[in-house]
Structures are given as C-alpha cells and as structure tokens.
Amino acid sequence: TQSTWGERVMLIGWSEKEFGIRVQDYERLNALYTEHVGAAAMLDDFHCKLFLLLMRYDTVGGASYHAALPAALFEILGRTLGVTHECFASPLNATLSSFCSAFPDTDVHFGSQGSFFDLAPLEGSFEANPPFVEEVMKAMAEHMFSLLDKATAATRPLSFAITIPAWEDTPAWGMLRSSRYLSKLIVIRKHDHCYIGGVYFVTRKQRDRHWKAPFDTGLFVLQSPEAAVRWPIAPDFESQVRDAFRLP
C-alpha cells in the first residue's frame, strides 16, 4: 500500500504496468470476487483477475464511458420506481448488486450478469446509463422497445429509467422522445448536475470523485402499461431527481 492524495491505496501490477486502487474499492472487489467465485478462492487468483479487470477498463478509457449516476439518484429510482438492476455498469462502478456490463470475460468473476443486449426480462425495473456512444445508445433503445413490446403483450410490468446526453439530433434521443412507452422526460442542464467520474478508481488519473457534466442530460422513464400502474410517476419525482443529481 501507499498514500495518494491523502488516501490509502493498493498497488496492483504486472511487469511494468501498475494501478493504484483505493483500499475501500479493493476490499469491495475482493468481497464480490469471493461471493461469486467461492470462499476457497486464492488471493493470487483474485489479484490476477483484478489486474485484468483494471487493465481492460483502463484500455477502454474515457471518463464519460464509465461515468455512473450518484448514489443518491439510485436511492430515488429504487424508492419511487422499484429499480433493482443496472443495465450498463462494471464491477468498478456498480452501485446495485445486480448489473450487466460490457465485458463478461473479465467481469463475471465480480458478479456481472453479462451484456444488457443478451438480457431478456419480461418484468422488473431497470436503470440504464449507457456509454455515451451514438451506436450503443441507438441499439439500447431498439432492444428496450422489443422488450417492452413483449412485456406489454404478456401484460407484465417492465420499466426503464434511462440517462443519456441531451444530444437531440441523435437517433437514440428521437427514438426515446417519441416512444409510446414514454412516461416521463426530465432535461437537466449541464451546470446543474454531476456524475461519478469514470476513471476515479485509478487514483493517479482522477482525484475528484464527482465529474461535472459538460452537457445537458435527459432522464427518460419508459414503462409498459402495467409498469405505469405499479410504479406511477409521483408529482415530486422531477424535483427529487434534480436534487439527487446536483453537484455536492
């Protein structure tokens, strides 16, 4: 261990490549690994899998690619919409215990349920904060519409709370904005909210946990008819979302 920016960190390295990861994040990932691999898991195996995990996400790079929602917003979504699963997360930034991620080969050891695009629920309430890449956001919308069509046909409650940049000229924005399943749209101006920084887990790359959004964000709630009844949008939902999204 060593101290970086006043915090204790673990150094995880192989050959000439080294990462500094905060002790609390190291312990959380160790607990996840033990839970999903088994109590007999060897520490050397954990360190190997952890290094591969850090290497993968460091290679992908980009703060906005990994950016997560504030914990306070997850609390609001869970309490008001019954959200229990993250559609786009990683073992490094997941807030909920149930999540999908982009790289099952490295992430499954830490609890990932695989790619969102392989997920086929008929009911439940989900949060989606995808990588801010136009093609990914468009594919996400198409997959959600297919799932919502099936849930509606089966009279099942299925709900998605989605956050994407308010790039109104992109296909994903237009698709979500015009969807027949849209229950609520909130647009939050760029000076009024923040995300949890995408490379915060690598201590030498990002000191501040909070990443002030350089763009407006749209929060969409898409629901099947049954979901709209089970998880109705309360009058104060928007004000709660705005408060939870603010920079501390």
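Trainee: Which residues are linked with Glu238 in a network of salt bridges?
Mentor: Lys184 and Arg242 are linked with Glu238 in that network. A salt bridge here is a side-chain nitrogen of Lys or Arg within 4 Å of a carboxyl oxygen of Asp or Glu. Before we go on, note that this is a predicted model, in which local features need pLDDT of at least 70 and side-chain atom pairs count only at pLDDT 80 or more, while totals for chains, interfaces and linings use all residues. Residues are numbered from 1 along each chain as its sequence is written, and side-chain values use heavy atoms, with hydrogens and water left out.

Trainee: What separates the closest N and O atoms of Arg242 and Glu238?
Mentor: Those atoms are 3.0 Å apart. Arg242 and Glu238 are four residues apart in helix α9 (residues 237-245), a separation of about one helical turn. Helices (H or I, at least four residues) and strands (E, at least two) are DSSP runs, numbered from the N terminus.

Trainee: How many salt bridges does the structure hold?
Mentor: It holds 10 salt bridges. One of them joins Arg79 to Glu75, with the closest N and O atoms 2.9 Å apart. Both residues belong to helix α4 (residues 71-81), where they are four residues apart, or about one helical turn. Glu75 is partly exposed, at 42% relative accessible area.

Trainee: And which residue pairs with Arg56?
Mentor: Arg56 forms a salt bridge with Asp105, and the closest N and O atoms are 2.9 Å apart. Arg56 lies in helix α2 (residues 43-60) and Asp105 in helix α5 (residues 104-107), so this pair ties together parts that are 49 residues apart in sequence. Arg56 is partly exposed at 24%, and Asp105 is partly exposed at 49%.

Trainee: Why can such side chains pair at all?
Mentor: Side chains of opposite charge can pair when their charged atoms come close.

Trainee: On to packing. At what angle do α4 and α9 pack?
Mentor: The angle is about 160°, and the axes are 8 Å apart. Axes are lines fitted to C-alpha atoms, for helices over the stretch in contact, and angles run from 0 to 180 degrees between N-to-C directions. The two helices α4 and α9 are therefore roughly antiparallel to each other; angles under 35 degrees count as roughly parallel, over 145 as roughly antiparallel, 65 to 115 as roughly perpendicular and the rest as oblique.

Trainee: Which residues meet between α4 and α9?
Mentor: From α4, Ala72, Leu73, Ile76, Leu77, Arg79, Thr80 and Leu81 meet Phe237, Gln240, Val241, Ala244 and Phe245 of α9. Contact means heavy atoms within 4.5 Å. By class, there are nine nonpolar residues, two polar and one charged. Ala, Val, Leu, Ile, Met, Phe, Trp, Tyr, Cys and Pro count as nonpolar, Asp, Glu, Lys and Arg as charged, and the others, Gly among them, as polar.

Trainee: How do the axes of α1 and α2 cross?
Mentor: The axes of helix α1 (residues 23-37) and α2 come within 11 Å and cross at roughly 115°. That makes α1 roughly perpendicular to α2. Residues in this contact include Tyr26 and Leu29 in α1, and Phe46 and Leu50 in α2.

Trainee: Changing topic, where is Ser159, and is it buried or exposed?
Mentor: Ser159 is in strand β7 (residues 158-165), and it is buried at 1% relative accessibility. Leaving aside neighbours within four places in sequence, its contacts include Phe126, Val221 and Trp231.

Trainee: Which loop holds Thr155, and what is its phi?
Mentor: Thr155 lies in the loop between α6 (134-153) and β7. Its phi is positive, about 50°, although it is not a glycine. Thr155 is exposed, at 52% relative accessibility.

Trainee: What about phi of Ser15?
Mentor: Phi of Ser15 is near 55°, a positive value in a residue other than glycine. Ser15 sits in the loop between β2 (7-14) and β3 (17-22), and it is exposed at 74%.

Key:
Buried < 20%, exposed > 50% of the residue type's maximum accessible area, 1.4 Å probe, protein only.
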